[in-house]
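Look at the sequence and the structure below before reading on.

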Amino acid sequence: MKKQSDMSKLFGYAGNFRYLTICSWVLSAISALMALLPFVYIWKVLQEVIRVAPDFDMAQNLAYNGWMAVLFAVLSMAIYIGALMCSHIAAFRVQANIRSQAMHHIATLPLGFMDGIGSGKLRKIVDESSAATETYLAHQLPDRAGALATPVGLLFLLLFFDWRLGLLSLIPVVVAFAIMATMTGAKMQQKMGEYQESLDQMSNEAVEYVRGIPVVKTFGQSVFSFKRFKAAIDNYEKWVIAYTKDLRQPMLWYTTAINGVFAILIGVALVMTQNGVTGEFLLNLLFYIIITPVITVTLNKIMFSSENKMIVADAMGRIDGVMELKPLPEPAFSRRPHGYSVELSAVSFRYRDAKQNALNNISLQIHSGEHVAFVGPSGGGKTTLASLIARFWDVTGGQVLIGGVNVKDVSKEELMNTVSFVFQDSKLLKTSVLENVRLAKPEASREDVLKALHDAQCDDILEKLPDGIDTVIGAKGIYLSGGEQQRISIARVMLKNAPILILDEATAFADPDNEVKVQAAFQKLCKGKTVIMIAHRLSTVTDADRIFVLQDGFVRESGTHGELLEKNGFYAHMWQEYNQAAQWKVGVLNG
């Protein structure tokens, strides 16, 4: 199958606006050719001046030729402005369509996708890649059309007046094109991709670092505590310096070649006029010296458009990389779960590009209405296992069943109505509290939202907000603490009222006062539901119906809190260490 060109892809995003892009090329080419006509009338002015010298009163057409030069210069500019208007309208539409289609596609991808690619890198791909296409279509392509049309007109003019001087003028052009080829070839295309990759990586790590600033400030650390961020900066610095050095020599010779045309003309003219100079030769020489700067401008436009073409090619490759990510397959006919039990049968899972499984052959069953907990050391697979139940990813092996039905046979909408997930770091949008909660159920009434907020222990939050439930979060300096945001998020889950609830260390960022309210909200939220808790603080799971202990992707133990202590196994060891740590903290505070 023939690979689609970048221009075809851009036209695909442009729709009917592609005709405006083509129109901009035509107008730009006409403008470029018309811009050469003033030079012809300047030549006529010089011709008449030399012919009548020194009796300049004999000149009859100086004013006419001068005004004609001005007229064509103004017409050229007017047509070029028309070309830019066409190209900008099309470019803005392409940019908007790329962003819109990319975001709509991202919305169809599994939630685990965000963890894999990184929010900073994804933002840069969507925003900056689409912006690169706008610059290319709005400016570079019309300029390129004009720059390609200009040599055609120049070639005619250069060879028409004096073919010898014309050929001499073309020598630096050939040399400059040869040097340009070394700077815009396949090797440079590869380097441009490396450049964008290093920028993406640095952007991604910067976002992660900014998110971790509270930890840095708390423990008095510096930027160097974030080794990945510093490594990304060092890698970018190393690449840019090497890239600059590679282009230093070619750029020097290219600039010399395109700016040395008139110097060659003067040198050759001195040789050709050793036996005397004619008025016609002097006239043509002056014309060529005047017009050769156009060659420099034209070659620069071609070079920069070639560089931007490489940037756009890389940008389209990155957008394609996002668009090629496939959403999880949807069943042809969705099945409804028969109840709200959860069963994992020989489940294994490996992250993309990982060398080993994150989960290995896990089988367990959670009865409808049962409250269970996943505990274990960090990296043991707790969150991954819970995420598979909500189908953030598909299992590598085995199957996940809800109500006896494989989650792959349940539509996305049905599954999202069945399972709610409370993250440890909940985010609110910059909109009203009402709309933030209503995200879970857009058709919910104002009264339904108020009841959910009341059940989530949010009355004190609404009382202090200037417009109550209609207050816009993030506007006019109105912000909520982590615990308060968590309670608003719990209200959202309460409004949704899904029968299966997954709590991922949901009180991790709550202060003591907020934690009491969050726990009270959870007690109301969890009534009558199948609940899966992911916890590091073992004191929060002692009342769970069952506890599953995960380590290195395996379920090491399971049972009630009392049963696991009696086994005196891994959980008992964790419980002992947890209590020792808690006693140490109390001792420090009392001391």
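What follows describes a predicted model, beginning with a helix and going on to salt bridges.

## Helix 3

Helix 3 covers residues 37-52, which is 16 residues. At 1.5 Å a residue it should span 22 Å, and its end C-alpha atoms are 23 Å apart, so the two values agree.

Several residues of helix 3 are buried, among them Pro38, Phe39, Tyr41 and Trp43. Glu48 and Val52 are also buried.

The model has nine salt bridges. One of them joins the side chains of Asp320 and Lys9, with N and O 2.5 Å apart. Asp320 lies in helix 12 (residues 279-323) and Lys9 in helix 1 (residues 6-14), so this pair links parts of the chain that are 311 residues apart.

Buried means under 20% relative accessible area. Asp320 has 14%, so it counts as buried. Lys9 has 16%, so it is buried as well.

Arg438 and Glu435 form a salt bridge whose closest N and O atoms are 3.1 Å apart. The two residues are separated by about one helical turn, because they are three residues apart in helix 15 (residues 433-438). Arg438 is buried at 18% relative accessible area, whereas Glu435 is partly exposed at 32%.

## A salt bridge from helix to loop

The side chains of Arg446 and Asp470 also meet in a salt bridge, at 2.8 Å from N to O. Arg446 belongs to helix 16 (residues 446-455), while Asp470 sits in the loop between helix 17 and helix 18, 24 residues apart from Arg446. Arg446 is partly exposed at 34%, and Asp470 is partly exposed at 37%.

Conventions:
Residues numbered from 1 in each chain as written. Predicted model: local features only at pLDDT ≥ 70, side-chain atom pairs only at ≥ 80, totals over all residues. Heavy atoms only, no water. Helix = DSSP H or I, 4+ residues; strand = E, 2+ residues; numbered from the N terminus. Expected span 1.5 Å × (residues − 1). Buried < 20%, exposed > 50% of the residue type's maximum accessible area, 1.4 Å probe, protein only. Salt bridge = Lys/Arg side-chain N within 4 Å of Asp/Glu carboxyl O.
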